Amino acid sequence: MRTTRKALAAAIAASLLLASCSGAGEPSGGGGAAAGDAAPGVTDDRVVIGTHQPLTGPAAPGYSRISVAAKAMYDYLNDAGGINGRKIDYRVEDDGYNPTRTVEVVKQLVLQDQVFAIVGGLGTPTHSKVVDYLNSEGVPDLLVSSGALAWDDPAKSPMTFGFQVDYAREGKIQGKYIAEHLAGKKVGLLFQNDDIGRDAQQGLDRYVKDSVVSRQGYDPANTDVLPQLSALKDSGAQVVVCSCVPAFTALAILTAAKLGFHPQFVVSSIGADPVTLTGLLADFAKRGGAEVSPAALLNGLIGTGYLPDVGQTDDPWIALFKKVHDKYIPDEPLTNTVAFGMAQAYTFAQALKLAGRDLTRGKLVDAMASGKIKGPGLTPFGFSKESHSGYTGAYVFKINPDTSTTVIQPPAVTDREGGDITPAPTERVTPQDIGLG
Amino acid sequence: MSLLTRHALLGLLALAGIVVLTSVVDPYTDVQIATVGYYLVAVAGLTLLTGTNGQISLGHGAFMFIGAYTVALLVIHVPTFPFWADLLLAAAAAGLAGALTGAAAARLHGPYLAGATLALAVGLPAITQRFPDALGGSNGLAFTVQSLPTGLAGTVPQTRWQAWVVWTTALLLLVLLANVVRGRFGRILRAVRDDEVSAALAGIHIGRTKILAFLLSALCGGLAGGLQAFLLGTAAPGSFTLALSLSLLAAMVLGGVGSLWGALWGALALVFVPQWADDLTKALDLGTDVAQHLPIAVFGAVLIAVVLAFPQGIHGGINRSLARLFRKKETHENNP
């Protein structure tokens, strides 16, 4: 008995020692798989792509519609003959905004579904956990649905490209607007406690650092923002900059109203879609047993954006989105979130077209970095060999009493560091110029 | 043959089975098999606490949280440690936290204990908000764990190797737990569960036993969290919600409270039932509003159905069916 035990212990110890000679955190010698000529997921008539989206969980309100819209756009393009003779097979996996699930579903997409690329993976806490994996496996990781600065790092993550205006650029534009138009007011910050908050403050602090009286972070797993809003109220903040996802913008507005706190809200593009917010405010208030008027709560709210608003029906891109919407998802409310999903899908399709019929992962990444990607946005993309950053600026808008929006500062572009904010070029391409579908 | 030898042989046999199985399936199934492995460790720890010692914990996700962050911090800040040392330290850290919780838990019963552990599950992940620089705030930590020995690089895929590591650890732990449950300490745990007064009269120190049970159970939770971090290279507060703690509890009930086999069925269900439901919804081409909630609903329905049909969980159900089968056979043989 005793000898068996000893032998067993020795065997275990030996196997453990054999199993690992080097440290767990030390970089391995071998490099990752090169993207080059590989083209998994591509057949003669089909290309399989995947994404991870929060269809359930704390970020689902609002964001669960993005993949519905993207699917509609892919259906539209497929019905028009596909891209370079291939139909796009779009696989959506729900990660519930839970990073562990994100890693699992992305591994599923890469290993089991053998996707050609991951497109529009949503969320900062989620997507940051798969960037290293996708880059070491050589999987193109395009148009990430998050404005964190981390996606723009071509040296470390050559396969990863952003999409949205990053939070630092957006913060600069918000900060400058506040410094010029809301001068002298006390500013409070409410932000998601991850890269969203960190990057946004980096931008805001270049312009309004001295006016900030309170900085409050929230965690998306905890839907009670009463402590944060109470602290903002007590600090005497007259302007509250909300770097929040839609659900938390709505929660912040409702909580402030409950406290009798009426600051001027300035909301980032990620959480400032009026139609989505209207739905969320009504829904959350009802669950809390109250009737509210979302239009009244949203009236006067200032937001930033980089895509045309769905209310601008004369915009050629909005006309296209409306056409796709009416044909494929007519029951879905046409929101800016829907426009986001469609714009993103169209941008990917454009890169796929540029990559050519003889498709490889290397060619797709080259197409993204070619500088030829032009999109629905009102500011240009930053994509080049040196930069993987998406939209490079934003406009400022105000929500009207009927929840439509008015642009109060035209689109401006800037960099993520200390550079100036300059007016954006006014010429834009139309869907007809690109001519995909 | 001693109990330990028998369990060790069973464990080795199971490991051989895993090695064979992982060699024939695709890489993603390897990941799923490894996922079953770490859930098995967590559920086994919980079943020891609840089934054998009669204490309830709604907070085992918190111990997984401790284990995952221990591995994450060690990989990032002490890169020279081999991964197995990280895993051992993760188990030790969670064990320590379990002993502290146990010290409080030993004085609580039923709903009060449930409430205290619930607070742990809800509260502990918030510590990441307090120390965003060290723990990464809501974003958590991302890292890559290097474990594949250089000798095997190129011949064994990363995912298969990870599945082997997770299952070797899980089986070692199960052998240990099986011996604990069947041995003297197991009898003490059950004595305390069944009647604290008579156990005390028999000379058993009630408080100490309960604390030890909590320590052992938390150690399993920490190891499970450590294995999860090892497998997925992430530790973030969004992964250790109350829902995780409750699903561990659900898996335990589903598999059969108090049985290590039950923990296996529970862990399998936790991984594969939502997966099948997901595949099913995709095959049926349902609208997104239905599809996104169906996997959770199916898991709930399975749980209800199993508890109604087999109050002892899946393992109890299998045992009963087997017993009935053999009894039938015996009667058959007795009356030709």
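Two residues are in contact if their C-beta atoms, placed from the backbone, lie within 7 Å. Keep that cut-off in mind as you open this predicted model and begin with chain B.

Select chain B and look at its contacts between residues at least 6 apart in sequence: of these, 79% join residues at least 24 apart.

Next, show both chains and turn to the place where they touch, to which chain A gives 44 residues and chain B gives 47 residues. On the side of chain A that touches chain B, select α1 (2-19), α4 (99-112) and α5 (124-127), each of which supplies at least two residues. Which helix of chain A gives the largest share of this side? It is α4(A), with eight residues. Sorted by class, the side of chain A that touches chain B holds 16 nonpolar, 18 polar and 10 charged residues.

Now stay in chain A and select the four strands that form an open sheet with parallel pairing, in the order β2-β1-β3-β4. Because β2 (87-94) and β4 (141-142) of chain A stand at the edges with a single partner strand each, one side of each is left without a neighbour in the sheet. Zoom in on β3 (residues 117-119) of chain A, which two bridges join to the parallel β4(A), and find A:I118 opposite A:D141 in β4(A).

The last stop is an open sheet of eight strands in chain A, in the order β6-β5-β7-β8-β9-β10-β11-β12, where the pairing is mixed. At its edges are β6 (212-218) and β12 (422-423) of chain A, each pairing on one side only. Within this sheet, select β9 (residues 302-305) and β10 (residues 393-399) of chain A, which run antiparallel and are joined by four bridges; here A:T304 stands opposite A:V396 in β10(A). Finally, show helix α8 (residues 195-208) of chain A, which packs on the sheet by touching β5 (187-192), β6 and β7 (239-243) of chain A, its direction making about 160° with that of β5(A).

Key: Residues are numbered from 1 along each chain as its sequence is written. Chains are lettered from A and ligands numbered from 1 in the order in which they are written. This is a predicted model: local features need pLDDT of at least 70, side-chain atom pairs count only at pLDDT 80 or more; totals for chains, interfaces and linings use all residues. Two strands pair if DSSP finds at least two bridges between them. Ala, Val, Leu, Ile, Met, Phe, Trp, Tyr, Cys and Pro count as nonpolar, Asp, Glu, Lys and Arg as charged, and the others, Gly among them, as polar. Axes are lines fitted to C-alpha atoms, for helices over the stretch in contact, and angles run from 0 to 180 degrees between N-to-C directions.
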